[in-house]
Amino acid sequence: VKVMAPHLASVVAARKRFAREARATAAISHPNVLPILHVDSTGQLPYLVMPYIDCESLQDRLDREGLLPIVEALRIGLQVARGLAAAHAQGLVHRDVKPANILLERGVERVMLTDFGLARAVDDATLTRSGLIAGTPHYMSPEQARGDAVDTRSDMFSLGSVLYAMSTGRPPFRAESTYGILRRVTDDAPRPLCELNPEIPKWFEGIVLKLLNKSAADRFESAEELGKILEECLAHVQQPSSIALPLAAGKLMPSAEAMPMASLRFHRLFTIVGCIVTIVAAIVVGYVLSRGSIDSLSLDARLKRSAQSKEGAGTPTLEGNDSEPSRHDDVPLPWNDEIEMELRQLDKELESLNAATNM
């Protein structure tokens, strides 16, 4: 049972918001959203009734265990994204997605989003004014921190902050004061995930960084889109040998410039090997084509000679016979100076890479 605080119950706008929370949540029928069974806003202290669930909050688990394995982070993030998609389909923005509002049911792998106390209809301007900051500073979006209007993409930023916290054990923006946190949310980039947890895959970091874009337009378009990507990533992590990483996640990997030095060295090694394979293939193809062109030239010349002697020989025939050696057998393989220079350069690259890797 959730009872409204007495000091708020006397405020008409607060009572309306409490009633709105109940109606908004009751309109969502989804296994990843904690339902409301009953609401009473007419008494002295309005209250609502929710089912009892044997669970703990994600915040409790993070406090106890610290960072979570990538499989758990994906599983929880996927179910939160599904719950948000259901809320957004009803025209609702949660506005306070954080670990304390994410419940983990014990005994089963079910995640539920709760506490829509700050949720509001996208088209509702009667109870929330521009310039009002509502939410938890560590997990709120830049537009919330500035007091600007928000939409469903604000929840996406908050979910990105939750994914960051699950994979590193700490929220992405921290400071000594609320004001300091808000300034970091609006102005600063978070510390790279790989510095706090080197085991995090690059594609997962790319997903989180896209969610944490300062501009809402640069985030995922919808929770449904994010949920689909997280579902495919989870399947890949669970069965990497049979299920490939989704293309959408692969495209989000940070660029080579942002890679750690060790990863960059292996990336360069693979690139050089690929170049060598390509050049060798080009030499083989060039050789085959060159022999084919010599055959054609030899054939044309012999036909021409045969045509010139047709008066004495009757029907034109090919010059020579099967026992005569082919004209092109002693033709040397053509060699391109550029190919030789490229191979020498690649050899130097391999030596440099080997020296750097052994440092």
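Helices (H or I, at least four residues) and strands (E, at least two) are taken here as DSSP runs, numbered from the N terminus. By that rule, the chain has 14 helices and 8 strands. The model is a predicted one, in which local features need pLDDT of at least 70 and side-chain atom pairs count only at pLDDT 80 or more, while totals for chains, interfaces and linings use all residues. Residues are numbered from 1 along each chain as its sequence is written, and side-chain values use heavy atoms, with hydrogens and water left out.

**The chain as a whole**

Contact means heavy atoms within 4.5 Å. Among contacts with a separation of 6 or more, 66% are between residues 24 or more positions apart.

**Two open sheets**

Let us turn to the strands. Two of them pair if DSSP finds at least two bridges between them. Strand 2 pairs with strand 3 (residues 47–49) over 3 bridges in the antiparallel sense, and Val39 stands opposite Leu48 of strand 3.

The other open sheet of 3 strands has the order 4-6-7, again with antiparallel pairing. Its edges are strand 4 (55–57) and strand 7 (111–113), each pairing on one side only. From one strand to the next, the twist averages 30 degrees. Strand 6 (residues 102–105) is joined to strand 7 by 3 bridges, and Leu104 has Val111 as its bridge partner in strand 7.

| Helix | Lies across | Angle |
|---|---|---|
| Helix 4 (residues 70–89) | strand 6 and strand 7 | about 40 degrees to strand 7 |

**Helix 9 and its surroundings**

Helix 6 (residues 152–168) packs against helix 9 (residues 202–211) at an angle of about 145 degrees, with the axes 8 Å apart. On the helix 6 side, Met156, Phe157, Gly160, Leu163, Tyr164 and Ser167 take part, and they meet Phe204, Val208 and Leu211 of helix 9. By class, this contact has 7 nonpolar, 2 polar and no charged residues; Ala, Val, Leu, Ile, Met, Phe, Trp, Tyr, Cys and Pro count as nonpolar, Asp, Glu, Lys and Arg as charged, and the others, Gly among them, as polar.

Helix 9 is mostly covered, with 7 of its 10 residues buried. Those buried residues are Trp203, Phe204, Glu205, Gly206, Ile207, Val208 and Leu211. Their cover includes helix 4, helix 6, helix 8 (193–196), helix 10 (223–238) and helix 11 (247–250).

**A buried loop residue**

Finally, Ser141 sits in the loop between strand 8 (120–121) and helix 5 (142–145). Ser141 is buried, its relative accessible area being 0%. Neighbours within four places in sequence aside, Ser141 is in contact with Ser154, Phe157, Ser158, Val185 and Arg219.

Technical notes
Axes are lines fitted to C-alpha atoms, for helices over the stretch in contact, and angles run from 0 to 180 degrees between N-to-C directions. Buried means under 20% relative accessible area, exposed over 50%, partly exposed in between (1.4 Å probe, protein chains only).
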